[in-house]
Amino acid sequence: MGPLQLDQYVFSKLRVETNFEHKLESLAPTVNVQIQAGLGPVEGVENKYQVTLEISSLRAPDGAGTLPYDVAFQVVGQFSILEPTYPDKEKLLRINGTSILYSAAREMVLIVTSRGPWGPYLLPTVNFQALSKQAATLAVPG
């Protein structure tokens, strides 16, 4: 068992809109994902933290065609750090916490779009370790 435990998560925003201008193409368009993340302690509870992840999918400037769906969501999770003396709690939450929430969100988008006219839409994988080094992309307040 690792030092991080997901206690609960909720989707505070989930928007999936069909793009009826999308055409079935031989090559799937290149997708970029815009990500904003935040984290902070849960007031009054020791070693419990809230992680918020906001995501939207965007067509890459060099991508061919249009995306089948316009997707935007926000997922909020509460995590416990099971080892109170863990050396870098912020890094653990920034990388592992956001990865866990993103995985849940990818699955939700896949389920919702599987009932859409263009079929299931899977958001690309994201390397949160690399993103955590880019403060402008992954904004993690104090």
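**View 1. The whole chain.** Along the sequence, the protein chain follows the pattern β-β-β-β-α-α. That gives 2 helices and 4 strands. Helices (H or I, at least four residues) and strands (E, at least two) are DSSP runs, numbered from the N terminus. This is a predicted model: local features need pLDDT of at least 70, side-chain atom pairs count only at pLDDT 80 or more, and totals for chains, interfaces and linings use all residues. Residues are numbered from 1 along each chain as its sequence is written, and side-chain values use heavy atoms, with hydrogens and water left out. Of the 142 residues in the protein chain, 40% are buried. Buried means under 20% relative accessible area, exposed over 50%, and partly exposed in between (1.4 Å probe, protein chains only). The chain exposes about 8200 Å², with carbon and sulfur atoms supplying 52% of that area. Accessible areas come from the Shrake-Rupley method with a 1.4 Å probe; for residues, only the protein chains shown count as cover.

**View 2. The open sheet.** The 4 strands are ordered E1-E4-E3-E2, with antiparallel pairing. Strand E1 (4–18) and strand E2 (31–41) stand at the edges with a single partner strand each, so one side of each has no neighbour in the sheet. On average, neighbouring strands are turned by 15° against each other, direction ignored. Two strands pair if DSSP finds at least two bridges between them. Axes are lines fitted to C-alpha atoms, for helices over the stretch in contact, and angles run from 0 to 180 degrees between N-to-C directions.

**View 3. Strand E3 and its partners.** E2 and strand E3 (residues 48–59) pair in the antiparallel sense over 11 bridges. Gln34 stands opposite Ser56 in E3. Pro41 has Tyr49 in E3 as its bridge partner. The hairpin of E2 and E3 has 6 residues between the strands, and Gly44 takes a positive phi near 80° there. E3 and E4 run antiparallel, joined by 9 bridges. Here Tyr49 stands opposite Phe79 in E4.

View 4. Helix H1 (residues 89–113) lies across E1, E2, E3 and strand E4 (69–81), at about 45° to E1. The largest nonpolar core has 25 residues; Leu53, Phe73, Leu93 and Tyr121 have the most contacts inside it. E2, E3, E4, H1 and helix H2 (128–132) each give two or more residues to this core. A nonpolar core is a set of buried Ala, Val, Leu, Ile, Met, Phe, Trp, Tyr and Cys residues joined through side-chain atoms within 4.5 Å. Beyond four places in sequence, Leu93 is in contact with Leu4, Leu39, Tyr49, Val51, Phe79, Ile81 and Thr98. Contact means heavy atoms within 4.5 Å.

**View 5. Leu4 in strand E1.** Leu4 lies in strand E1. Leu4 is buried, with a relative accessible area of 16%. Leaving aside neighbours within four places in sequence, the contacts of Leu4 include Phe79, Ile81, Leu92, Leu93 and Ile100. Leu4 and Lys48 are 44 residues apart in sequence and 9.8 Å apart in space, C-alpha to C-alpha.

**View 6. Gln78 in strand E4.** Gln78 is found in strand E4. Its relative accessible area is 19%, so Gln78 counts as buried. Not counting residues up to four places away in sequence, Gln78 touches several residues, among them Gln5, Leu6, Val42, Lys48 and Tyr49.
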